[in-house]
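User: Hi! I am new to protein models, and I would like to learn how to read pockets and salt bridges. Could you walk me through an example?

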Amino acid sequence: MTQRLLIRAGGPDHPGQLAALGAALMECQARLVDIHQHSALGHITFEMLVNSEVGANAFTSQLNEHLAAKGLAQRGLAVEVEAVAADRGQNLKAQAEMPRLIVSLMGPRLPTTMLAELGELAAAHGLSIEHMQRLSGVTSLEEETSFGACVECLLRGPAVALPDLRERALALGARHGVDIAIQEDSLWRRHRRLVCFDMDSTLIQAEVIDELARRHGVYDEVAAVTERSMRGELDFKQSFRERMAKLERLDESVLREIAENLPLMDGVERLMAHLKRLGYRTAIISGGFTYFARYLQARLGFDEIHANELVIHEGKITGEVREPIIDADRKAWLLGEIARREGWDMAQTVAVGDGANDLKMLESAGLGIAFRAKPLVRQQARQSISTLGLDAVLYLLGYHEDELARLL
């Protein structure tokens with residue numbers, strides 16, 4: 001009678017082990033059903049599901065005899081064989097059909113206690129951790145490095161309430177100074193095509209309208225309008241027009257000076273260099289100004305920019321902007337419009353921003369990332385990065401640091 005057997009083999013990694021193991025299985029007349037191999041830190045592990053006409057004990061004796069003849073036993077490859085009940089195969093199939101989540105742990109360093117607490121969090125939601133891999137370089141996870149530390153985990157289990165899971169993950173990460181981002185796994189996750197960014201406090205370490213107000217001596221007046229907007233007394237467009245009106249007669253030379261000295265966000269140059277090499281289309285979608293977005297486009301290579309157009313007359317700001325004003329709704333619309341124009345599914349889009357006016361764009365994107373955002377924005381966004389530079393977006397896209405290094 002045909003038996004279903006699970007074979008586990010592991011030991012020091014040497015060339016030719018798969019060939020020898022495969023030949024031994026053929027000599028045992030095993031019929032391969034499934035196989036998984038993993039190699040790390042000089043150790044290799046094989047897991048194989050086979051059909052056999054003999055039981056586990058007889059098969060183990062035959063397999064060890066053939067492996068010994070091929071010299072694998074002397075190389076430290078240990079083998080275990082276990083009979084698999086018929087209903088277990090059905091259980092494995094049901095498990096394979098369960099939803100999968102990608103959990104990324106990112107931070108300047110990853111403390112060991114994170115593993116235990118992540119395991120507890122997963123178990124509390126009925127999730128099992130199927131696979132873990134490190135995406136950051138070879139330095140110890142507990143040592144701070146230029147690009148930070150990142151471990152990516154694959155979780156599987158019954159459908160869970162993602163908002164609750166994300167809220168608890170956010171709290172866990174905050175306790176340890178670590179970002180925990182949770183994505184639903186899908187084919188599209190590996191085929192993102194469009195990455196769109198807010199500008200102020202995302203691509204640059206400044207809010208340009210505040211800098212303009214300071215230079216014009218009206219910062220307190222502009223801040224007062226901003227405060228009224230935050231209290232809900234003005235919508236974004238009203239607030240924006242009032243603040244712009246206070247910049248009337250500001251000399252264009254001030255814009256040029258600020259633009260030429262924009263402080264770039266940590267990691268933006270590395271991120272953009274890799275996105276361009278990897279073939280992504282990149283765009284700025286900002287409630288800021290095209291005057292400054294053009295400087296970033298020339299410096300970093302963005303494919304397109306969408307921002308507010310200042311009206312300048314005889315070298316002076318008039319205090320007006322051309323319509324349409326880019327607010328939260330238009331940001332989300334522009335993201336979708338670029339995707340439609342290029343023929344991409346919305347699941348293939350990525351949006352990165354820091355403010356409340358970015359939330360609709362982040363929600364519309366396949367991958368919406370709140371970057372160094374206020375607590376309210378972090379709580380409402382599906383993913384967030386607060387502890388690393390902007391190039392940590394590469395980790396959420398699933399890229400390994402070693403792979404990226406080979407692109408340069």
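Predicted model: local features only at pLDDT ≥ 70, side-chain atom pairs only at ≥ 80, totals over all residues.

User: How much space lies in the largest pocket?

Analyst: Rolling a probe the size of a water molecule over the atoms shows where empty space is left. On a 1 Å grid over the protein atoms alone, a pocket is an open set of points where a 1.4 Å probe fits, with protein on both sides within 12 Å along at least five of seven lines. Here the largest pocket holds about 1,200 Å³, the space filled by probe spheres set on the points.

User: Which residues lie nearest its centre?

Analyst: Lining residues have an atom within 4 Å of a point. There are 37 of them, and Thr226, Arg243, Gly355, Ala356 and Asn357 lie nearest the centre.

User: And how many salt bridges does a search of the whole structure find?

Analyst: A salt bridge is a side-chain nitrogen of Lys or Arg within 4 Å of a carboxyl oxygen of Asp or Glu. The search finds 25. In one of them, arginine 281 meets glutamate 304 at 2.8 Å, N to O. Arginine 281 lies in strand β10 and glutamate 304 in strand β11, so the pair ties together parts 23 residues apart in sequence. Both also belong to a salt-bridge network with Arg341 and Glu342.

Notes:
Residues numbered from 1 in each chain as written. Heavy atoms only, no water. Helix = DSSP H or I, 4+ residues; strand = E, 2+ residues; numbered from the N terminus.
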